[in-house]
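This report describes how the chains of one model touch each other. Please look at the sequence and structure first.

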Amino acid sequence: MTRALQSAEVVERLQGVAAEAVSVAAEGEVRVAPESLVTVCRFLKEEPEFAMDYLSSITGVDYLDSFEVVYHLTSLTHNHSLVLKTTLHGRDDISAPSLTEVWEAADLQEREVWDLMGVRFTGHPNLKRVLTWEGFPGHPLRKDHLGG
Amino acid sequence: MESPFDRNGLFSGLYGFFADLTPESFAWLAYLLAGVVVVFIVINGVMLLTAFETYMERRVLGRFQTRLGPNRVGPFGLLQPFADVFKLLIKEDLRPAMADRLTFFLAPVLMVAAILLVAAVVPFGPNTFLADLNIGVLFIVGIPTIATVAMFLGGWGSGNRFALLGAARAVAMLISYEVPMIVSLAGVLLLAGSMSLVDVVEAQRLPFIVLQPLGFFVFLVAASAEMNRSPFDLMEAESELTAGFHTEFSGIRFGLLQLAEFGELVIISAVLAVIFVSGWQNPFVSPDYAQWLPGQLWFLLKLVFFLLLFTWIRATLPRMRVDQVMAFAWKALFPLAIINTLVTAVLVVAWPEPEYGQLWIMAAINWAVAIACLVLFSRFLERHRERPTASVQLVEIPAEAS
Amino acid sequence: MVNLPSEQITINLGPQHPSTHGVFRLRVTLDGEVITDVEPIFGYLHRGTEKLAEERTYTQIVTLTDRLDYTSSMINNQAYVLAVEKLAGVTVPPRGQYLRVLTAELQRIASHLMGVGFFLQDLGASGTPLMYCFRERERILDLFEMLCGARVTVSYMRPGGVFQEPPPEFWPAVRHLLDTTPDAIAELERLISENEIVLARTKGVGVLTKEKAIDSAVSGPNLRASGVAWDLRKADPYDVYADMDFAVPVGSNGDSYDRFLVRVMEVHQSIRIAEQCYRDMPGGPVRSELPFFFRPPPGDAYAHVEASKGELGFYLVSDGGIAPYRCKIRSPSFINLTVLAEMLIGWKVADLMVIFGSLDVNMGEVDR
């Protein structure tokens, strides 16, 4: 069974990296401020104790007043998992740092989140639409998207 | 004057018939009329055989693939080729805007013409042929190269990049395979002492496949490359280049290209039958005794055997990659053909007029050389010393308690 | 060797092309036959499944999942219902779990056969291996037809179990399938898996290194062919996989041949699992009853399964309503495409189809 890490312990270990930026979101989930996302992720990937080498999934969720980007991390080495959440406030022109330099797996997934949810990932080498076409009006998975 | 038609029984008969009808001074007319009739028969015979071959290939391939194949048009689906041709005839004839008008028009015509020309020298039975050309063997390897030119014209003239790639592959590959193909026939020529296909058949007291196993192998492989059959069907590799050089052809132009492709298969099978398995001769009874089947039927049986062989190969083997195909031609087939020629030449010098028993000794030596060469070359070309499936192992992972 | 520069040409392979397995487009730049640049372009089959899911009840969404990877609907169903059950804390009766594992493994066989068949078709094998594969797949689809009346879009699983008890004639049919399929697969293997041309075309072609595979979150047989012994049925067992006895085929070279062979060997392991399910099938109900308007408590849940193409995950967010607030699909085919461009550059056009075919990507799942 893949073990979900204790969020409190993770947050404690992360104090040395990004003290104010991390907090416990729920069981197995850690909330990270967008500014420290890359630092935290790189730490989680490179620290042997965590060895989060596998970025399973990136999800964008629209909560109307804010957006949440959810990262599901897994360690193939230790067979444990962790969920990172980061909240982005506002509706227009919101952005999160890109994780492509940490995991290549972020490449297509961030493009998908940008395409469907309209979260811009700064630092992404090729942030183009991926499932809809260039020039598609709006971002279809947003709750206020009415379609054409 | 000895004309290449003199030994043609059908032609002589027809010429006699027309000569009786026409005045003395119009002998040329009788000659012409007789020629036209014979050509008509040969061309239509080849076309019918081709139609039959498309039907047979589809049915046999269907059997290989656990399905039925065409079985709706006519009894057992026998009329399927005619339905296909009719459909192609009534289809719209599209020419892409970027296509070059002249080459696009020329390509299918040239291809069919090249294939039908070869039929002129193939002896379909005793005294059943259009012309007994004294350079027949050269003719059958030389004329199909026109089809290569036609392929390139078609591929280039289509204005399509898939077609262009297919055409480039076609030229590269066909030129490479011409060489071993011609060299592999050198042994046959040394044994037969003539380039006339009729003489080649008559020289086969033992079928040349017994005397020339290596030559047969090289010719078979090179010919299937020449006909762009699996596993060498690179230039119209469906999964890569959609349809290669004939991507843009539609309607009856496409029909002509298909006719040329299958026609070439029929012709090459006929050539194989003539050169390597003694054409119209009964392989079991010497020509000096009474025959229990007409020669034409023997020829047809051997032809169908080769058609089935090619279908079998097509149903079994995947396609090779372009560089592997080229490497195979130059690294394997060409040396094999040269070795075959050398060994045969030595044997022919040793026994210029071999007895029947000596022929068997020649056959034994040739088979020994062939097997030794094939084993050596397959060792040389093999890259996988260990068992290839060893790269994937089953791993027992303990299921972690849930 | 002198490197002669030549004019590069750009061709569009797809969206209408015999071997792009659906509507997929590769904009390929070629120098002669050699690929110098690749840009995969997709989305032609995008149906907005995630958006549609926000407007359907939890039970109705099962039908949407059928249409993701249409060659392995059962496994998609399973991933989705597991996510719903995790979200709402529903327990499944043992018979339901066993039936799920049985059907999922049969579906895996069908899907792998299709992957292998089309891979060999892309190698130019004139349809014979493909038809061999389809013959077996057809028999599995017949079984599904007995279970639920549908062959491809099955919608057999429900949150809480499976749709219904199998009909009595299902069991002899499963027995017959399990008895005969191994021989049929062995026949295919004898035909093709040590064929010299197949080896020449696939050995060492399109190597995906272990590090690259993990970093790019490649999953499923592609990951295992690269030498990573990671199978969610073992690493994070769901349903009754923890009780099943099976091994995981792991490659060593990460080339196209290993990816092909891993799939063939997984078919045998799937038969082994199906055999155990058949043997140990418990009695009892197949489904725990849920209310018609099923409202999971607010919260989120992520459940993943080892689908035939890789890790298929569903991330559901509930706001307490009858439809999920957000339904994210982590599709393995989509994420496996991350590595495609890099794997292709430097190979020839002919290898392109081999490498792409060996990744076994399903466009229904990529585009969702």
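In which sense do strand β1 of chain B and β6(C) pair, and over how many bridges? In this predicted model, strand β1 (residues 393-395) of chain B and β6(C) pair in the antiparallel sense, over three bridges. Within this pairing, B:Gln393 stands opposite C:Val250 in β6(C).

| Interface | Residues in contact | Buried area | Share on carbon and sulfur |
|---|---|---|---|
| Chain A and chain C | 42 residues from chain A, 37 residues from chain C | about 3,300 Å² | 53% |
| Chain C and chain B | 61 residues of chain C, 41 residues of chain B | about 4,400 Å² | 59% |

**Chain C and chain B.** One salt bridge is counted here. It joins the side chains of B:Arg321 and C:Asp351, at 2.9 Å from N to O. Several elements of chain C supply at least two residues each to the side that touches chain B, including β1 (9-13), α4 (94-122) and α14 (349-359). The largest share, seven residues, comes from α11(C). By class, this side of chain C has 32 nonpolar, 16 polar and 13 charged residues.

**Chain A and chain C.** Of the area that chain A buries against chain C, 20% is supplied by A:Tyr54, A:Glu104 and A:Leu131, more than by any other three residues. Seven salt bridges are found across this interface. One of them links the side chains of A:Lys143 and C:Glu54 (3.0 Å, N to O). On the side of chain A that touches chain C, β4 (54-62), β5 (66-75) and α3 (106-117) each give at least two residues, and the largest share, nine residues, comes from β4(A).

Technical notes. Residues numbered from 1 in each chain as written. Chains lettered and ligands numbered in written order. Predicted model: local features only at pLDDT ≥ 70, side-chain atom pairs only at ≥ 80, totals over all residues. Heavy atoms only, no water. Contact = heavy atoms within 4.5 Å. Buried area = accessible area lost by both parts, 1.4 Å probe. Salt bridge = Lys/Arg side-chain N within 4 Å of Asp/Glu carboxyl O. Helix = DSSP H or I, 4+ residues; strand = E, 2+ residues; numbered from the N terminus. Nonpolar A, V, L, I, M, F, W, Y, C, P; charged D, E, K, R; others polar. Pairing = 2+ DSSP bridges.
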